[in-house]
Amino acid sequence: MLDLLLYVIAGASVGFAIGVTGVGGGSLMTPLLLLFGFPLHVAIGTDLLYAAVTKAGGMAAHARQRSVDWHLVTLLALGSIPASVLTVWALHDLFGAPDAYAPLLTTALGAMLMLTALSILLRDRLQALAPAQSRVRARLDEHAGLLTLLMGLLLGVCVTLSSVGAGAFGAAVLMALYPALRAVRIVGTDIAHAVPLTLIAGLGHLALGNVDFTLLGALLVGSLPAIWLGSRVAERLPDRVMRPILATLLAGLGVRFALF
């Protein structure tokens, strides 16, 4: 009973962080589950389904207010969904048992935590990465569709291996490729793409036996109301206060998992 209560509190804590900052789902939840003693493959698999359910409400809200660019969601998904399926297949057929692919998951988790931290810190600067009239910007605009699909492919592999990156890293990609896109549409598009990606990746891990349903239920009981509360607090708490704190935490965790 005490363990279940801790899992509910963990779900509420991460849900609150998502509501306040807009990021931090997989990047906070997976390390937290590891601290609770869950094996890495179970932490990643359970967190992916947790993210899919948690973010579905956000996707519905953004869809209602027409802040989702479905064309970009489709381009990202054309790369990420097949990549996720192939990654799950590779884990099963090339590695077999979870112990065999645990080092790969650990390295992927560390790398994605550090990339996510960097994405959070540089979020505002990414839109000014290339001036509107520069050659770099022109080339990016010319090949934006192909680059979006390729970035979706990369996200599919990384998210499936680590459960991290569908939020902050995905948003960073959209900001770099589409600087004219309004912030609310970047967030809405990123969330809308994260839902099918984390669902497919989570179902893949479910097929591998990497999901704990008791844990998943407890996390959702805590997170769903906490996300609503966090979104209310976010209206008053400056993002410039929360963003460096979250980025520093993720960078430290990333170094820990990548190197040890």
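This report walks through the fold, the cores and a few residues of the protein chain shown above.

The model is predicted, with local features needing pLDDT of at least 70 and side-chain atom pairs counting only at pLDDT 80 or more, while totals for chains, interfaces and linings use all residues. Residues are numbered from 1 along each chain as its sequence is written, and side-chain values use heavy atoms, leaving out hydrogens and water.

**The overall picture**

Let's start with the fold. The protein chain has twelve helices and zero strands; here helices (H or I, at least four residues) and strands (E, at least two) are DSSP runs, numbered from the N terminus. Of the 260 residues, 50% are buried, where buried means under 20% relative accessible area, exposed over 50% and partly exposed in between, with a 1.4 Å probe and protein chains only. The accessible surface comes to about 12300 Å², and carbon and sulfur atoms account for 70% of that; such areas come from the Shrake-Rupley method with a 1.4 Å probe, and for residues only the protein chains shown count as cover.

Contact means heavy atoms within 4.5 Å. Among contacts between residues at least 6 apart in sequence, 84% join residues at least 24 apart.

**Inside the protein**

A nonpolar core is a set of buried Ala, Val, Leu, Ile, Met, Phe, Trp, Tyr and Cys residues joined through side-chain atoms within 4.5 Å. In the largest one, which has 22 residues, Leu105 and Val159 touch the most other members.

Another core, of 19 residues, lies apart from it, and includes Ile18, Leu28, Val42 and Ala43.

Among the buried residues of H8 are Ala144, Thr148, Leu155 and Val159. Leaving aside neighbours within four places in sequence, Val159 is in contact with Leu48, Val164, Gly165, Ala166, Leu197 and Thr198. Just after H8, Ser163 takes a positive phi of about 70 degrees.

Finally, Ala102 sits in helix H5. Ala102 counts as partly exposed because its relative accessibility is 26%. Ala102 and Leu40 are 62 residues apart in sequence, with their C-alpha atoms 7.0 Å apart in space.
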